[in-house]
Amino acid sequence: MNEQMVNDIVQEVLAKLQISESPSGKHGVFVEMEDAVQAAKAAQKVVRNMSMDQREKIISNIRKKTKENAETIARMGVQETGMGNVGDKILKHLLVAEKTPGTEDITTTAWSGDRGLTLLEMGPFGVIGAITPSTNPSETVICNSIGMIAGGNTVVFNPHPQAVKTTIFAINMINEASLEAGGPDNVACTVEKPTVATSNYMMKHKDIQLLVATGGTGVVTTVLSSGKKGIGAGAGNPPALVDETADIRKAAQDIVNGCTFDNNLPCIAEKEVVAVSSIMDELMHYMLTEQGCYLASREEQDKLAKTVITEKGALNRKCVGRSAKVLLSMIGVEVPDNIRCIIFEGEKEHPLITTELMMPILGIVRAKDFDDAVEKAVWLEHGNRHSAHIHSKNVDNITRYAKAIDTAILVKNGPSYAALGFGGEGYATFTIASRTGEGLTSAKSFTKCRRCVMTDSLCIR
């Protein structure tokens with residue numbers, strides 16, 4: 001299948017998913033949020049009574065269909081939002097399909113003794129309300145759905161309006177997977193025109209037992225102020241610290257690879273670097289000569305800041321997730337296609353450094369020594385407790401940094417995406433709940449602990 005054929009397929013799919021059209025035939029898509037909640041509630045009555053084997057059949061089919069549709073969904077996401085790149089989004093969908101925990105994450109703890117048997121089990125919340133971002137729309141929906149269904153729940157999504165077509169495609173695919181595997185329809189639901197009003201309606205609905213927000217600080221704060229149990233995956237500004245013991249050449253490669261993955265859209269990606277002074281010039285040398293970086297002048301930095309950050313201090317959404325080449329073209333600088341990251345040296349207070357940009361712009365802060373580097377990195381992380389990275393061969397330095405930065409994710413001597421299972425051990429997730437403490441969420445995050453006690457029986461020792 002050539003490029004033109006793939007594009008034709010994407011255009012056909014997008015045409016079928018025009019919001020102005022009726023959602024008839026699109027599983028899980030409703031006009032009113034009330035209808036979406038009620039459909040998910042009816043489906044949850046079925047899912048909660050399904051055996052783990054039956055739930056796993058649904059999840060296995062979701063994984064299969066995600067792999068089959070990875071390129072189509074990736075192209076839809078880039079075309080609809082204008083953010084990221086197709087190749088990396090394909091990899092993210094394959095990662096979600098292969099490494100998101102399913103029913104194996106739902107376990108039982110048992111105590112047996114003279115006074116009987118006690119079980120501690122994971123039970124469903126019921127219908128979960130989830131808010132998803134435009135940066136990773138389908139990846140988040142698929143990842144959340146797998147974990148939530150494994151726990152016996154169903155879910156109602158209020159997606160970002162700028163990614164509604166891609167989200168609807170993913171939700172329809174999930175429900176088709178459930179039906180094909182013998183499960184109910186509407187295990188995942190949404191509305192065809194999500195708004196702040198539909199989000200508020202969902203959050204206040206009496207049948208929504210748990211809220212999960214993946215997005216910026218504002219939406220997470222709203223969810224945590226709802227009065228309901230909430231899981232909040234908010235913003236980060238992950239610093240990458242490089243000390244004098246690091247493999248500098250490898251550090252340059254890892255940092256740029258992580259920063260440029262999907263044009264810096266992942267919240268875990270390196271957003272800035274803090275390097276000790278003795279190795280900083282060497283680090284920048286390798287970035288410029290081997291890793292496709294462009295060194296921005298002071299004038300170009302000022303132009304970039306005015307372009308990517310609005311007068312009110314918000315990000316220019318037309319710049320988020322764009323490539324280095326596109327960003328430079330916006331300020332009148334033309335570079336070859338191999339340029340993938342914009343770098344410069346600056347103070348930690350520089351607006352392109354202190355702000356989480358979600359763009360392949362990498363400011364590098366010089367530190368006089370390791371202690372100074374830790375202090376600067378902690379300041380730049382802004383207390384989000386989300387993600388951070390370090391390149392060092394000194395175990396004591398790594399330990400000191402880990403305790404000081406206190407993040408849900410800390411990657412040592414690798415690119416940021418290793419935290420999600422790319423070249424690193426562990427499972428994948430696109431909802432990293434740093435603010436509420438769950439960290440990397442999985443199926444067990446979407447369950448309640450339930451204690452069942454049988455006294456003076458069922459102990460046969």
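## Close-up views of a predicted model

**View 1. Histidine 350 sits in a loop, the one between β12 (341-345) and α14 (351-354).** Keep in mind for this and every later view that the model is predicted. Is histidine 350 buried or exposed? With 9% relative accessibility, histidine 350 counts as buried, because the cut-off for buried is under 20%. Its side chain reaches over to the backbone nitrogen of leucine 352, at 3.0 Å. Skip the neighbours within four places in sequence, and histidine 350 is in contact with Arg298, Gln301 and Phe344.

**View 2. Here is phenylalanine 125, found in the loop that joins β3 (116-124) to β4 (127-132).** At 14% relative accessibility, phenylalanine 125 counts as buried. Which residues is phenylalanine 125 in contact with, leaving aside its neighbours within four places in sequence? They are Asn153, Gln209, Leu210, Lys229, Phe446, Thr447 and Lys448. For a sense of scale, look for alanine 43: 82 residues separate alanine 43 from phenylalanine 125 along the chain, and their C-alpha atoms are 13 Å apart.

View 3. The buried residues of α3 are Arg55, Ile58, Ile59, Asn61, Ile62, Arg63, Lys65 and Thr66. What do those buried residues pack against? The partners are α2 (33-47), α4 (70-81), α5 (86-99), α6 (137-150) and α7 (164-180).

**View 4. Two of those partners, α4 and α7, also meet each other.** Their axes come within 8 Å and cross at roughly 160°. The two helices are therefore roughly antiparallel to each other, since angles over 145 degrees count that way. On the α4 side, the residues that meet α7 are Thr72, Ile73, Met76, Gly77 and Glu80. On the α7 side, look for Val164, Lys165, Thr166, Phe169 and Met173.

**View 5. Now for the largest nonpolar core, which has 62 residues.** Nonpolar side chains tend to be buried together in soluble globular proteins. Which residues of this core touch the most other members? Val242, Met287 and Ile361 do. Take methionine 287: leaving aside neighbours within four places in sequence, methionine 287 is in contact with Ala252, Ile255, Val256, Gly292, Cys293, Ile343, Leu362 and Ile364. There is also a second, separate core of 49 residues, with Ile59, Ile73, Ile142 and Ile231 among them.

Key:
Residues numbered from 1 in each chain as written. Predicted model: local features only at pLDDT ≥ 70, side-chain atom pairs only at ≥ 80, totals over all residues. Heavy atoms only, no water. Buried < 20%, exposed > 50% of the residue type's maximum accessible area, 1.4 Å probe, protein only. Helix = DSSP H or I, 4+ residues; strand = E, 2+ residues; numbered from the N terminus. Contact = heavy atoms within 4.5 Å. Polar contact = N/O pair within 3.5 Å; in protein donor to acceptor, adjacent residues only side chain to side chain. Core = buried A, V, L, I, M, F, W, Y, C linked by side-chain atoms within 4.5 Å. Axes fitted to C-alpha atoms, helices over the stretch in contact; angles between N-to-C directions. Parallel < 35°, antiparallel > 145°, perpendicular 65-115°, else oblique.
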